[in-house]
Amino acid sequence: MSRRAQFLEVLGIATEWVPRARNDALAEAVPALAPAPAAMPVAQAPVATTAAQTAPAAAVAAEAVQPLSAPAVQPAARVPVVPALVPAGPAPGSAQAEREAAIAAMDWPALDAAVAGCTACGLCQTRTNTVFGVGDRQAEWMLVGEAPGENEDLQGEPFVGQAGKLLDNMLGALGLARGRNVFIANVLKCRPPGNRNPEPEEVAQCEPFLRRQIALVRPRVIVVLGRFAAQSLLRTTTPIGKLRGTVHAYEGIPVVVTYHPAYLLRTLTDKARAWEDLCLAREVHDRAGAGA
Ligand code: URA
């Protein structure tokens, strides 16, 4: 079974079928399904539409069908890299600037201890455990989520709930596994009570930890999971639908944005798009390796 088919199966889309007549119309309407024009950058490429997004399964089954070919992911050479906005940062000489400088100089054990003992924001009062991150500390891939949920808070490990199972399946479809060439972390290391959205102040206090983790791992590619993590990391308010399909940069490292697995569990229509994002991330990863 192809990796794409495997991926779509774990996401609950067993087979992509499209009516024969509709296939031509789709290829016309969605050029990504037709042979790729010579130099279309991914940033401008329309998102590929699949049968799962265009027609209910029962309607499709009643018609003559043929499989869609996988939309080609454009070579990374044509992918523009969009630099992140430069953060304003704390005032030079301020206590926060000193704290950030100290964190930026930490090695893994010091960083581990600093996160475990952090009291920089109110989340320390409600957490059960800090959730540092998990995986290979020399990984070529880094995945960044939003914040621990209930299960993660209890176990001290990121993505251990239902969304985590889906994430593991997504990694498997890419030929990766948790802890093998992948490091998984969150923007926040402590659970916001009731899974509320993180507050800007909490992000400001916690982000230096993530920045140091990224600097220590030095991955070839960062895959950002979900709107919140993407907007925090890239310091933007651009909607996730517009952040996808473009290679961004965080501290000089390429960043690919995709949907959060918890969202994918609820939203059938965006599941196939996540596969396109991961194909782009793989392309960026392989290209970074070729140039290393
Ligand atoms: N959602 C996240 O963003 N991170 C986790 O660790 C768990 C759920």
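Predicted model: local features only at pLDDT ≥ 70, side-chain atom pairs only at ≥ 80, totals over all residues.

Residues are numbered from 1 along each chain as its sequence is written, and side-chain values use heavy atoms, with hydrogens and water left out.

The largest nonpolar core has 60 residues, and those with the most contacts inside it include Trp141, Phe183 and Leu210. By such a core I mean buried Ala, Val, Leu, Ile, Met, Phe, Trp, Tyr and Cys residues joined through side-chain atoms within 4.5 Å, where buried is under 20% relative accessible area, exposed is over 50% and partly exposed lies in between, with a 1.4 Å probe and protein chains only. Helix 9, residues 200–217, gives the most to this core, with 6 residues; helices here are DSSP runs of H or I with at least four residues, strands are E runs of at least two, and both are numbered from the N terminus.

Turning to helix 5, residues 95–104, we find Gln96, Ala97, Glu100 and Ile103 buried. Seen down the helix axis, these fall within an arc of 125°, taken from the directions to the C-beta atoms, so they line one face of helix 5. The face turned away from that buried side carries the exposed residues Ala95 and Glu98. The buried residues pack against helix 6 (108–116) and helix 9, with contact meaning heavy atoms within 4.5 Å.

Which residues form the aromatic cluster? Trp108, Phe132 and Phe183 do, and the structure holds 3 aromatic pairs, meaning ring centres within 6.5 Å, with the six-membered ring used for Trp, and planes under 30 degrees apart called stacked, over 60 edge-to-face and the rest tilted. The rings of Trp108 and Phe132 have centres 6.0 Å apart and planes at 70°, so this pair is edge-to-face. Both residues of the pair, Trp108 and Phe132, are buried.

Lastly, the largest pocket is lined by 27 residues, with Glu146, Ala147, His260, Ala262 and Arg266 nearest its centre. A pocket is an open set of points on a 1 Å grid over the protein atoms alone, where a 1.4 Å probe fits, with protein on both sides within 12 Å along at least five of seven lines, and lining residues have an atom within 4 Å of a point. Helix 12 (261–266) gives the most to this lining, with 4 residues.
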